[in-house]
Amino acid sequence: MNYPAIIAARLELGQRQVEKTIELLEQGATVPFIARYRKEVTGSLNEVQIAAIRDLLLKLKELDKRREAVLQSIEEQGKMTDELRRQIEAADTMTALEDLYLPYRPKRRTRATIAIEKGYEPVADAIVRGQWKDWDDEALQGARDIIAERISEDAAVRNRVRNVFRRRAMLSSGLARGVDENDERVGKFESWIDWKEPIAKAASHRILALFRGEEAGVLKVHVRPDDSDEAIKAVADRHPLGDRHCAEQMDIAVADAYKRLIEPSIETEFRNQLKERADREAIRVFAENLRQLLLAPPLGQKRTLAIDPGFRTGCKVVCLDAQGQLLHNETIYPFTSVREERAAVNKLETLVEAFHIEAIAIGNGTAGRETEEVVQRCRFKNKVIAVSVSEAGASVYSASDVARREFPEYDVTVRGSVSIGRRLMDPLSELVKIDPKSIGVGQYQHDVDQKMLAASLGDVVESCVNSVGVELNTASRELLSYVSGIGPALADKIVEHRNKNGAFADRQALKKVKGLGDKAFEQCAGFLRVRESHNPLDRSAVHPERYDLVGKMAASVGADVESLMKDKELRAKICLDDFVSDDCGMPTLRDIMKELEKPGLDPRAKFEVFEFDKNVTRFEDVREGMVLPGIVTNITAFGAFVDIGVHQDGLVHVSQMADRRVNDPAEVVHLHQHLKVKVLEVDSRRHRISLTLKGVE
């Protein structure tokens, strides 16, 4: 199989681009490395295109592996023909391959195999030829079973039925057998009882909701045409009828082949296709949300006081230095009495002064808004910003092996507070320690293909970490493990080497790490920063393989590298055309110039402080028609959830996002966006808030 040609055609890319990308991938290069440092080789393909090449290549290899197994199986049965081999070798999808293999697949005893054992195959052959004899009922039944199975295993027949399904199949659902309408489980899925729509129009979130209802035992879901006549006709057309008596038997066999064998099989196929389509869309939405969350603006290295709020159990308070190291922890109880509230205010004022606190991070869970009010009553001597921070995943982190390794002597409450504070300082560095599925920005993430989800989210985390860059001497092992070419095992060795030998003096010192060879160094070096290095390029995204080139560029204008990085006028004198070579073209040269201008520039946006409406802190405070400030917390295929500060996110349905048709909510909003929303409806019974962006200035 010519992989590059097939991939190029399917992805609409140049074949040479694909060939070179495959070469790099098979040499062990990562997607971020290829996209950033091998632009000349790939024709400047981006990460999405490179990942698509990688994934399609894996699928084609799996297809070839299965093809070999099928060929071997049929050869061993002694049933291989030249025509069959040609068809198998030409099959370009797994479905086409399995259709060809179906008649030869080892199977359990079926009605047809039992009939064959009883000697009824000659009867079946005679009926197909239109040669009627007076056979008894048992012989006719056996013959029909044989004919039905033959029909069901005919690849052409199956394709004809698939075509009918593509045009006519409906996604429908009703209550599962034995489930009463008064069953308490039904309420959750009441919208989906007696649901029906064409499969082509079924949205991913509806598909997943229906399958979730079926998994819960409440719904029964079908994916098939309402009327089977067209499908049965498609089967019959493949098998012309002869003698009248034979024709009657063929009619019965055809109907049986469709209803008993073909329809259930093709329905399963289409159910799987719908599920995969829905999974891919849900994962796409989740991945985009995760990307935005990971790349949320960092507050930066500020001395931070973090609070994990609580009513009865108190608020867990920690003080962190500018690097996120724990300096102090204790518990305050501002909600137990007036006296304790005053004591809590005094304690916060004291801690802020004692530890020179610059920012306060307040978890947005239970008692979050009330804790904000307590903080607002404090009188600090210096300016301190207070920020509400998402707690999603903090409890998962606090009970994890990572947290126990970082803080073995502290309990989960202290670890959770530390996570909240660090998440304000640098969301990316902290969130990589948490399973992405636990961060709370997905749509049906527990219902989708978990292997596909993990692969996609892993790609996103890797992409984000490498786009931002990692400080080699302070990064956690979790953060390092996502750097191109490193992984968990090498990350452990880097941290171990750092702990034993002290900070890395420069990038080259990485080569002293046991097990980190030339290939790993090539893949990771450009994404690691050593800010205290004697070589200024170690603070940038310029790859070490280009250091000599930058030195020549500096010499061409009579300067050293550091002067070149500091002086815009010197850089303007460089003629890039003079430095184009076989392995270094204009895309790389332009990237180098950008880095020299702003070495190690963080691509994330600037942090902005957000405040909720101080008069709206509880669900009961929300009234229809209110215009409130909010933060986008999650984006789905059907809309966006917005935190308005009342412990219950409101939903801006996709139909309420603009005065035009919006197909994808991500066209209008992004995660953590600060915006104004109007309250459309407050549903106290279901504890839901409906919001709109229409007519809001």
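## Close-up views of a predicted model

**View 1. An open sheet of five strands runs in the order β6-β5-β4-β7-β8, with mixed pairing.** This is a predicted model, where local features need pLDDT of at least 70, side-chain atom pairs count only at pLDDT 80 or more, and totals for chains, interfaces and linings use all residues. Residues are numbered from 1 along each chain as its sequence is written, and side-chain values use heavy atoms, with hydrogens and water left out. Helices (H or I, at least four residues) and strands (E, at least two) are DSSP runs, numbered from the N terminus. Two strands count as paired if DSSP finds at least two bridges between them. At the edges stand β6 and β8 (385–389), each with a single partner strand, so one side of each has no neighbour in the sheet. From one strand to the next, the twist averages 20°.

**View 2. Strands β5 and β6 make a hairpin with five residues between them.** Here β5 (residues 315–320) and β6 (residues 326–332) pair in the antiparallel sense over six bridges. Look for Cys319, which stands opposite His328 in β6. In the turn, Gly324 has a positive phi of about 85°.

View 3. Axes are lines fitted to C-alpha atoms, for helices over the stretch in contact (heavy atoms within 4.5 Å), and angles run from 0 to 180 degrees between N-to-C directions.

**View 4. Helices α9 (residues 121–129) and α10 (residues 137–152) pack at an angle of about 70°, with their axes 8 Å apart.** That makes α9 roughly perpendicular to α10 (a label for 65 to 115 degrees). On the α9 side you'll find Glu121, Val123, Ala124, Asp125, Ile127 and Val128, which meet Ala139, Leu140, Ala143, Ile146, Ile147 and Arg150 in α10. Sorted by class, this contact has nine nonpolar, no polar and three charged residues. Ala, Val, Leu, Ile, Met, Phe, Trp, Tyr, Cys and Pro count as nonpolar, Asp, Glu, Lys and Arg as charged, and the others, Gly among them, as polar.

**View 5. Five strands close into a barrel in the order β11-β12-β13-β15-β14, with mixed pairing.** Neighbouring strands of this sheet are turned by 50° against each other on average, direction ignored. Strands β11 (residues 627–636) and β12 (residues 639–643) pair in the antiparallel sense over five bridges. Ile635 stands opposite Ala640 in β12.

**View 6. The largest cavity holds about 80 Å³ of space.** On a 1 Å grid over the protein atoms alone, a cavity is a set of points where a 1.4 Å probe fits but cannot get out, and lining residues have an atom within 4 Å of a point. Grid points are joined across faces, edges and corners, and a volume is the space filled by probe spheres set on the points. Among the residues lining the largest cavity are Arg36, Tyr37, His543 and Asp591. Helix α28 (586–597) gives the most to this lining, with three residues.

Note on methods: Parallel < 35°, antiparallel > 145°, perpendicular 65-115°, else oblique. 1 Å grid on protein atoms, 1.4 Å probe; cavity = no way out; pocket = protein on both sides within 12 Å on 5 of 7 lines; lining within 4 Å.
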